[in-house]
Amino acid sequence: MQIPISSLYVHIPFCLRKCPYCDFFSRPLDPAQMAAYPDLLIAQLEQENRRSRWQGPFSTVFFGGGTPSLMHAADIGRILQHADQLFGLTTDAEITLEANPGTVTSESLFAYRAAGVNRLSFGVQSLNDANLARLGRIHSASEARQAFQWARAAGFDNISCDLIFALPDQLPEEALSDLEAMLQLAPEHLSCYGLGIEPDTPFARQLDNGELRPATEETYAEIFCLLHDKLVRDGFDHYEISNYAREGRQCLHNLHTWQRHAYLGIGPGAHSFRTRDWGERRFVPPDFEAYEVALARDRDPTALLETFDRNAAMAETVYLGLRCADGVDDRVFLRRFGIRFAEAFPHAIERCGRRLTHRHGHWRLDLQGWLLFDHFIRDFL
């Protein structure tokens, strides 16, 4: 019998300073709350184990935030140990820690590696100090380079770096230069995100006040294609709209999410997905105090976010699948839903035109299709 793939996401909501573009749930670092937080996460793991809602073992664990690298390695290790004891971890589990270069030391990185972390995701964002200041980052370009070298010395051979492009007034050649500087670090993985202006963020308020001028669609598209061309020439696989990897270094945790495998999310702000019936998504409301009270009283801190019927599950499968280079597999789609992709979405396929291709049993958007993803995907939803 094949064991279902399942993953664990651990949200660490503390930050030294919130970046002006970020809309993830986070709060200022409170040492007392941080000290108590690992026990809360472990309590939620124990509660989920008693409720028997999740089947292990976990094949990936992802510590996201916030700034997970503010948590002591010993506490990261304790959480991993409890996850293994309660649900099991596969022997080759991918265990990722998001890290801010301004919050790590050589000693802390050695400790994270010893605790079981085997993949780092550095929030570098840029190796240009002016860009870093504009983005509100707490580290400098030299500190990011130093953190990367410390990570290599600590034994990390699977490192991802984030790059933000299409900054206000950024020229395409400037974005390409930033990427080239990051490639000199030789990471195994790169996540390249176009700057988005999210509601209720400082950048959104600056936009409303006329203090910020976002990149035009034309500039965004030009930079997106420049980065793609450079990375593909350098041997990276552009395996998802925003993600590139050396061979065999794709982020398995994110791939499992895009393939609609089950994942348990713990901590306020975390989401979970169960594959029962057509799918069910739960979340922990982003309220630290309510989370603490619920666990102290042994109440379920999660709430139901959405349940899926067959049509909604098909639509989400397409939404997630077409983000990826592998696209939507005809055979898997037919097995899951009892209907072929082309039979389910004939009009949406027609509207995509040549941007959507069908080869070797997979439906895929091309590069221009990815650039217009939001436009094309509406017809499937």
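A residue is called buried when its relative accessible area is under 20%, exposed when that area is over 50%, and partly exposed in between. By this cut-off Arg53, at 18% relative accessibility, counts as buried. The structure is a predicted model.

**Overall form**

- The protein has 16 helices and 17 strands.
- Its radius of gyration is 21 Å, close to the 21 Å that the globule rule gives for 381 residues, so the protein is as compact as a globular protein of that length.
- The C-alpha trace spans about 55 × 50 × 45 Å along the principal axes of the protein.
- Of the 381 residues, 53% are buried.
- Among contacts between residues at least 6 apart in sequence, 71% join residues at least 24 apart.
- The accessible surface of the protein is about 17500 Å², and carbon and sulfur atoms account for 49% of this surface.

**Nonpolar cores**

- In soluble globular proteins, nonpolar side chains tend to be buried together.
- The largest nonpolar core in this model has 97 residues, and those with the most contacts inside it are Phe63, Phe122, Phe341 and Phe380.
- Apart from this core lies another one of 10 residues, among them Phe62, Ala245, Trp258 and Leu320.
- What does Phe122 touch, if residues up to four places away in sequence are not counted? Its contacts include Ala99, Pro101, Val104, Ala147, Phe148 and Ile159.

- Helix α3 covers residues 106-115, and within it Ser106, Ser108, Leu109 and Tyr112 are buried.
- Just after α3, Gly116 takes a positive phi of about 120°.

**Salt bridges**

- The structure holds 20 salt bridges.
- One of them joins Arg53 to Glu48, with the closest N and O atoms 2.9 Å apart. Arg53 is buried, at 18% relative accessibility, and Glu48 is also buried, with a relative accessible area of 2%.
- Glu48 and Arg53 belong to a network of salt bridges that also links Arg282 and Asp300.
- In helix α2, the side chains of Asp75 and Arg78 meet in a salt bridge, at 3.4 Å from N to O. Because Asp75 and Arg78 are 3 residues apart in the helix, they are separated by about one helical turn.
- An α-helix has 3.6 residues a turn, so residues three or four places apart point the same way.
- Asp75 counts as buried at 15% relative accessibility, whereas Arg78 is partly exposed, with a relative accessible area of 27%.
- Lys230 forms a salt bridge with Asp234, and the closest N and O atoms are 3.6 Å apart.

Definitions and conventions
Residues numbered from 1 in each chain as written. Predicted model: local features only at pLDDT ≥ 70, side-chain atom pairs only at ≥ 80, totals over all residues. Heavy atoms only, no water. Buried < 20%, exposed > 50% of the residue type's maximum accessible area, 1.4 Å probe, protein only. Helix = DSSP H or I, 4+ residues; strand = E, 2+ residues; numbered from the N terminus. Salt bridge = Lys/Arg side-chain N within 4 Å of Asp/Glu carboxyl O. Rg over C-alpha atoms; globule rule 2.2 N^0.38 Å. Contact = heavy atoms within 4.5 Å. Areas by Shrake-Rupley, 256 points an atom, 1.4 Å probe, with all protein chains shown as cover. Core = buried A, V, L, I, M, F, W, Y, C linked by side-chain atoms within 4.5 Å.
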